[in-house]
Amino acid sequence: MRIAEKDMRPVIALQGSGATSMQPLLAAIAERLSRRGLRVVGVVENPPVGEIPCKSMELRSLENGQRFSISQDLGPGSTACNLSPEGLALACAAVQSAIAQGADIVVLSKFGKLEAAGEGLVDAFGTAIERGLVVFTSVSPTIMAEWQAFAGDLAACVTVDPAQASDQAWLERSLDGWLDAWGLEAAARAAKREPKARITA
């Protein structure tokens, strides 16, 4: 899906320096934006476990914690790593459903090789941007050409070094600047002032 180029909000594409993972940072961004009263939906990668990490890859929904396995089972004895198209399709559909129910910010784990080929989470990217929502994601430098062909001028790449990735003050300053630039800071303040609905049995 090629992104239309008008009336769209920016996309922030994070890039790690060296082996720095952007997934914890994306999760932290989602948490802090939620605290500010904004509705954040999407998926991030959970840390892999086991002797072969790529066999335990999964995405976690930011909306309800649902987990989607994205490791493809290649059979006993296999040590190869393959992403599961089915798992990614389920995660993508869940994000699109969450967007349809109303969202301010969409966080998507990454734009990778599958997305560059028009698969994976690409339709979730397209849905979010077509609705004019702010998107946070991560992109590997190895597929920058494909990313730029997809996102064009809508995206800004932000390189994050290991020190910044764990610097809470840097994150807060960055979020302040981004929300202000997008006109979402006032919306966040208004959302925090609104009384929460009471839950009755």
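What percentage of the residues of the protein count as buried? Of the 201 residues, 43% do, where buried means under 20% relative accessible area with a 1.4 Å probe and protein chains only. This is a predicted model, in which local features need pLDDT of at least 70 and side-chain atom pairs count only at pLDDT 80 or more, while totals for chains, interfaces and linings use all residues. Residues are numbered from 1 along each chain as its sequence is written, and side-chain values use heavy atoms, with hydrogens and water left out.

The protein has eight helices and seven strands; these are DSSP runs numbered from the N terminus, with at least four residues (H or I) for a helix and at least two (E) for a strand.

Strand β1 covers residues 11–16, and five of its six residues are buried, so the rest of the structure largely encloses β1. Two strands pair if DSSP finds at least two bridges between them. β1 pairs in the parallel sense with β7 (residues 155–160) over six bridges and with β6 over four. A13 has bridge partners in both: C157 in β7 and T137 in β6.

β6 (residues 134–138) also runs parallel to β5, joined by three bridges; here V134 is the partner of I105. β5 is in turn joined to β2 (residues 40–45) by four bridges, again parallel, with G42 opposite V107.

In a regular strand the side chains alternate between the two faces of the sheet. In β5 (residues 105–108), I105 and V107 point one way and V106 and L108 the other, and all are buried.

Notes: Buried means under 20% relative accessible area, exposed over 50%, partly exposed in between (1.4 Å probe, protein chains only).
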